[in-house]
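Hi,

Here is the structure I said I'd pass along.

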Amino acid sequence: MSTTTTHTRRNPPSRGERIADWTDARLGLHGAGRKNIRKIFPDHWSFLLGEIAMYTFLIVLLTGVYLTLFFKPSMAEMTYHGSYAPMNGVMMTEAYASTLDISFDVRGGLLVRQIHHWSALIFIAAMATHMMRVFFTGAFRKPREVNWLFGFTLLVLGCVAGFTGYSLPDDLLSGTGVRFMEGATLATPVIGTYLAFFLWGGEFPGTDIIPRFFAVHVLLVPGIMLGLFLIHLILIFYHKHTQFAGAGKTNDNVVGAPFMPVYVAKAGGFFFLVFGVVTLLAGMFTINPVWDLGPYRPDLVSTGAQPDWYMGWTEGLIRFMPGWEWVIPGGYTINFGVFIPLMIVGVVPTVMVAYPFFESWVTGDRREHHILDRPRNVPTRTGFGVAWLTWVFVLLMAGGNDLWATHFHLSIEAITWFVRIAFFVAPVLAFWITRRICLGLQRRDREKVLHGRETGIIKRLPHGEFIEVHEPLPQEQMHVLTSHDQHTPLELGPTVDDNGVVRKQSPVEKLRVKLSQGYYGEAGQIPKPTRHEYEEITSGHGHH
Amino acid sequence: MKKLSARRRHPLAALVVLLIALAATGGLYATFAPTGKAQAEETSQSLAVEEGQKIFRVGCASCHGTGGQGSSDGPSLVGVGAAAVDFQVSTGRMPLQQQGVQAPKKPNIYTQKEIDQLAAYVASLGPGPAVPEESQYDPAGGDVARGGDLFRTNCAQCHNFTGKGGALTDGKYAPNIDGVDPKHMYEAMQTGPQNMPSFPDKLLTTTDKQDIIAYLDEVGGDEAESPGGFSLGGLGPVSEGLFAWVFGLGALVVLTIWITARSAKARKS
């Protein structure tokens with residue numbers, strides 16, 4: 001059918017066709033489009049968590065552009081005579097005054113400020129939950145380890161953008177945050193003082209830090225984030241999306257809706273839903289009422305001074321750490337009270353970066369994975385994840401210890417001691433409990449596959465025996481419950497080879513085997529029902 | 001007598017004896033104890049002091065001593081002044097419900113007249129700050145902006161930016177100042193109740209105090225405005241973060257579930 005169409009056609013090409021031809025010849029859209037427009041995206045609510053992050057990021061960018069039109073990143077001092085009477089005649093920096101102007105004099109300024117801030121909080125929360133989803137379902141495994149790193153970098157940069165943005169208005173709260181950061185910089189052994197002078201351009205607070213933060217907040221970090229975000233998306237297209245096990249879903253296909261038009265319609269609609277929810281929040285609930293907080297002065301501080309939630313864990317580290325310090329020869333002070341938390345802040349990202357590589361090293365699994373794990377089927381990983389979250393929660397509790405104290409009528413010392421102990425104990429407990437729960441759920445899955453669902457119907461047999469009727473699961477569900485791989489743990493192998501020569505086993509190898517046993521050994525998973533077991537049970541009498 | 005002796009080993013006998021003994025001691029004491037020397041002048045002031053002393057003996061003396069000289073359970077009240085009494089009693093902090101790190105605010109059970117009498121009695125024990133006049137604490141007469149500055153300099157360390165309260169050591173706390181009577185704010189600054197330092201007139205002048213009261217009225221009074229919408233307690237980033245997670249991300253997750261409720265199935269082939 002191909003020969004006759006193009007050359008011998010009577011009608012001239014339509015307008016749309018001509019435009020398509022023009023663009024295709026110059027941009028190659030047809031080739032790229034044909035490949036990607038039909039890209040299939042599977043449906044599951046948890047796959048949209050990343051989308052929430054994407055949309056809130058866009059909202060933050062859009063509202064941020066509006067705010068830069070009116071914000072003055074200057075620490076020049078002035079006396080305020082604007083329309084907010086309670087601040088009339090108060091000395092403040094231009095940064096703070098222009099934030100008041102945005103809130104009270106710029107049309108829609110307060111709403112946009114609140115959308116910007118709420119959206120930023122939700123952006124980072126969405127990134128965190130998206131990362132949890134990826135972690136707990138094993139979506140970071142080959143071939144997606146690199147995309148995990150991009151996502152992780154986005155999370156870190158999101159926190160940097162958030163912290164610098166929080167600091168810009170130069171109010172009493174944010175100034176305290178900047179002071180906190182200066183304290184942390186000073187706590188760097190030996191070079192701390194020099195580093196602080198370098199960053200602040202002299203004594204704290206100086207006049208440089210707000211303009212510098214402004215450049216980082218509106219240009220540097222968002223620019224890098226936008227780039228990384230695009231790479232993150234391109235890699236999703238390249239790898240194709242992961243999916244949960246189900247009927248017809250294999251490691252080699254993707255079952256879902258095509259990118260155009262179904263997915264785009266849904267995703268586009270979801271953008272407006274997210275924007276709507278954020279705007280509703282911003283319209284109804286105050287966030288960061290800078291007009292109440294007053295301008296920053298280094299000699300002032302208020303109680304209840306905390307960072308935004310994503311930095312809360314660092315606040316917690318500082319709050320519960322005992323204030324140890326040494327003076328080393330030469331007159332340098334090592335401030336362990338701040339330096340040790342600072343080290344932990346450095347270790348946390350390292351662990352997050354390393355995990356995908358750690359797991360593939362431990363398990364020796366080098367295959368590609370496109371089918372997601374159910375968290376229960378990998379109890380050790382799930383345990384690590386929950387332990388990690390527990391640890392973060394304990395730190396958040398330490399970060400908000402004053403509010404826990406006032407709202408639950410507790411002593412702040414008691415909370416501090418609880419946190420000091422829970423910092424070490426709670427993650428271990430959480431790991432152990434989670435693993436037990438996962439194993440229990442695996443046993444339950446096994447029971448369900450072998451014996452069916454408990455219907456709650458009690459039947460009396462002719463000879464008087466009562467039994468509960470079990471209904472066999474539908475084929476599809478049975479597939480979901482049994483399709484996961486069960487790995488065999490690594491073995492140390494014989495210590496002596498065939499020729500009787502002693503084989504060396506490095507301690508690293510021994511550790512690896514031990515960890516692998518932990519992941520996939522007898523204590524790490526419940527054997528899933530085999531075909532043989534299933535047939536044996538179902539072929540005989542209906543129950544047993 | 002036979003009836004009595006028959007019941008002398010009754011389980012409640014000891015209790016009855018105790019009650020009789022207590023009644024007898026109390027009665028004898030009431031009869032023979034030296035009564036306070038009634039002064040000749042029957043002015044309203046001395047009447048108030050006398051009435052105040054009676055109230056004091058009932059509600060306060062068990063801890064502060066019969067003459068207000070203090071005991072192991074409560075500090076001396078000599079020289080605390082009428083302002084301290086007015087603050088502590090009319091906010092319900094005194095009489096104390098139980099010993100603890102700090103007296104909490106609770107419903108006041110005295111009338112203003114009784115409080116005034118009590119205050120007059122305590123003031124008669126030694127010179128101290130008097131109850132302020134309304135012109136001193138009326139928020140309308142203060143400079144809000146200056147008050148805010150003074151508040152952030154002297155008060156926010158414990159009471160938070162807008163007086164929403166904060167935690168102190170060992171379960172003590174700086175209370176939320178929202179909705180506190182301006183008179184009580186003034187008295188608190190003047191006398192320094194519980195763990196609060198006192199700010200006598202040399203430290204914060206009457207004008208300073210009035211400005212602070214004006215500021216607190218502006219940000220936390222009955223007619224305080226919240227330009228940004230509901231204030232979420234005014235507690236700062238902790239409550240905002242919690243709210244963003246629960247209601248922000250929570251609402252969005254509900255929407256994701258709604259959007260993906262109808263999902264594509266594999267084609268049967």
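**What I found**

In chain A, 73% of the contacts between residues at least 6 apart in sequence join residues at least 24 apart; a contact here means two C-beta atoms, placed from the backbone, within 7 Å. Before you dig in: this is a predicted model, where local features need pLDDT of at least 70 and side-chain atom pairs count only at pLDDT 80 or more, while totals for chains, interfaces and linings use all residues. Residues are numbered from 1 along each chain as its sequence is written, with chains lettered from A and ligands numbered from 1 in the order in which they are written.

Chain A has 20 helices and eight strands (DSSP runs numbered from the N terminus: H or I of at least four residues, E of at least two). Its C-alpha trace spans about 90 × 85 × 65 Å along the principal axes.

Of its 544 residues, 38% are buried, meaning 20 or more other C-beta atoms, placed from the backbone, within 10 Å of their own. Helix H5 (residues 94-104) of chain A is mostly covered, with eight of its eleven residues buried. Among them are A:Tyr96, A:Leu100 and A:Ile102. The buried residues of H5(A) pack against several elements of chain A, including helix H4 (49-68), strand E3 (91-93) and helix H10 (209-239).

As for the partner chain, 61 residues of chain A are in contact with 52 residues of chain B. Elements giving two or more residues to that side of chain A include helix H6 (109-136), helix H11 (259-284) and helix H17 (412-451).

Cheers

Note on methods: A residue is buried if 20 or more other C-beta atoms lie within 10 Å of its own, exposed if 12 or fewer, and partly exposed in between; C-beta atoms are placed from the backbone.
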